[in-house]
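Visitor: Walk me through the salt bridges here. Keep it brisk.

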Amino acid sequence: WPKWRIFFCDERLVPGDSPDSTWGLYRSQLLPVTELKEDQFILAKTELEPEKAAQDYQAALEGEFGSPPRLDLLLLGAGPDGHTCSLFPAHPLLEEPAPPTGRVIAHIVDSPKPPPARITLTLPVVNSAGSCIFAATGAGKADMMNLLLGKDEPETPLPARM
């Protein structure tokens, strides 16, 4: 555990003690049951304006992992609409070009799922990772996971499958 550096593929721009905070969930649920320490996490400055928060987090990731960052493993979720990170179906953010022309971290202020302000890895960066693992639990995710892993192409391209 001590050699791990952990970052979030996306983060909602809410205070760390909000029930919507990814970091807040990890801090309260993961740290107490592992040997991970807070200083192993690269955290977004959620108090910043969305664009500045994305720029700051991109700089932090590039400082840790290079430019563009080389990411070995992403642990991802998938929403019932097929989104992953904060990359939502049919959202213009899906058109972000790959670095160095495009961004590593982008901001979003019109998330279809509340809260609306977030930062997220861009799709080219997700797709450049060495490995991606999707974690999903519960019957409510079964249909979407079958669609994501199946042979049939959905009508609307799903970010988690792109």
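Visitor: Is R5 buried, exposed or partly exposed?

Guide: This is a predicted model, where local features need pLDDT of at least 70, side-chain atom pairs count only at pLDDT 80 or more, and totals for chains, interfaces and linings use all residues. Residues are numbered from 1 along each chain as its sequence is written, and side-chain values use heavy atoms, with hydrogens and water left out. Buried means under 20% relative accessible area, exposed over 50%, partly exposed in between (1.4 Å probe, protein chains only). R5 has a relative accessible area of 32%, so the class is partly exposed.

Visitor: Which residue forms a salt bridge with R5?

Guide: A salt bridge needs a side-chain nitrogen of Lys or Arg within 4 Å of a carboxyl oxygen of Asp or Glu. For R5, the closest N and O atoms are 3.2 Å apart, and the partner is E64.

Visitor: How many residues apart in sequence are the parts that R5 and E64 tie together?

Guide: Helices (H or I, at least four residues) and strands (E, at least two) are DSSP runs, numbered from the N terminus. R5 lies in the segment before β1 (6–7), E64 in helix α2 (residues 50–65). The pair therefore ties together parts separated by 59 residues.

Visitor: Which residue forms a salt bridge with D10?

Guide: D10 sits in strand β2 (residues 10–12), and its partner in strand β6 (residues 118–121), 108 residues apart. Both are buried. The closest N and O atoms are 3.9 Å apart, and the partner is R118.

Visitor: What is the N to O distance between E96 and R103?

Guide: E96 is buried at 14% relative accessibility. R103 is partly exposed at 30%. Their side chains meet in a salt bridge, N to O, at 2.8 Å.
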